[in-house]
Amino acid sequence: MTINVNIGEAKTRLSELVSRALEGEEVILQKAGRPVLKLMPLVEAGRLEAERVAARRTAGVGAFQAAFSGQDLSLEALKADRDDPLVRFRRKFGPAA
């Protein structure tokens, strides 16, 4: 069941509204007839925040999937692209004197 309450009225009924939200009812606070806030237990809010973060991470990884599609990103393939250690040393420090 959803309870829609004006913020002014919620001030006087806060304890009751909190109790009902803890019991699992949806409590929506309204300002000028528009919903602006939802009361919910911290456990549920934490779960929703974790879902939001997971969705953002998945979207971030998805952005890179298109850029690297068709490429072999296995460890063996990445190691095969490395230069000879002696070549890297000479490139970094110059030829031996």
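How does Arg20 count at 22% relative accessibility, as buried, partly exposed or exposed? At that value Arg20 counts as partly exposed, where buried means under 20% relative accessible area, exposed means over 50% and partly exposed lies in between (1.4 Å probe, protein chains only).

## Basis of the model

This is a predicted model, in which local features need pLDDT of at least 70 and side-chain atom pairs count only at pLDDT 80 or more, while totals for chains, interfaces and linings use all residues. Residues are numbered from 1 along each chain as its sequence is written, and side-chain values use heavy atoms, with hydrogens and water left out.

## Salt bridges

A salt bridge here is a side-chain nitrogen of Lys or Arg within 4 Å of a carboxyl oxygen of Asp or Glu, and by this rule the count comes to seven. Side chains of opposite charge can pair when their charged atoms come close. Glu9, Arg13, Glu16, Arg20 and Glu25 are linked in a network of such bridges; within it, Arg13 meets Glu16 at 3.1 Å, N to O, and Arg20 meets Glu25 at 3.2 Å, N to O. Arg13, at 22% relative accessibility, is partly exposed, as is Glu16 at 35%, whereas Glu25 is buried at 19%.

Glu25 sits in the loop between helix H2 (14-22) and strand E2 (26-31), where helices (H or I, at least four residues) and strands (E, at least two) are DSSP runs numbered from the N terminus. Leaving aside neighbours within four places in sequence, Glu25 is in contact (heavy atoms within 4.5 Å) with Met1, Ile3 and Arg20. A further salt bridge joins Arg52 to Glu49, with the closest N and O atoms 2.5 Å apart; because these two residues are three apart in helix H3, about one helical turn separates them. Arg52 is partly exposed at 40%, and Glu49 is partly exposed at 37%.

Strands E1 and E2 run parallel and are joined by five bridges, two strands being taken as paired if DSSP finds at least two bridges between them. Thr2 has Glu26 as its bridge partner in E2.

Not counting residues up to four places away in sequence, Leu17 touches Ile3, Val5, Ala10, Val27, Leu29 and Leu39. In soluble globular proteins, nonpolar side chains tend to be buried together.

## Surface and loops

Phe64, Phe68, Leu73 and Leu78 make a nonpolar surface patch of about 430 Å². Among these residues, Phe68 is placed in the loop between helix H3 (42-67) and helix H4 (75-80), and is partly exposed, with a relative accessible area of 42%.

Ala32 lies in the loop between E2 and strand E3 (34-39) and is exposed, with a relative accessible area of 76%. Phi of Ala32 is near 55°, a positive value in a residue other than glycine. Most residues other than glycine have a negative phi.

How values were computed. Patch = residues over 30% accessible without salt bridge, like charges linked within 9 Å, V, L, I, M, F, W, Y side chains within 5 Å. Areas by Shrake-Rupley, 256 points an atom, 1.4 Å probe, with all protein chains shown as cover.
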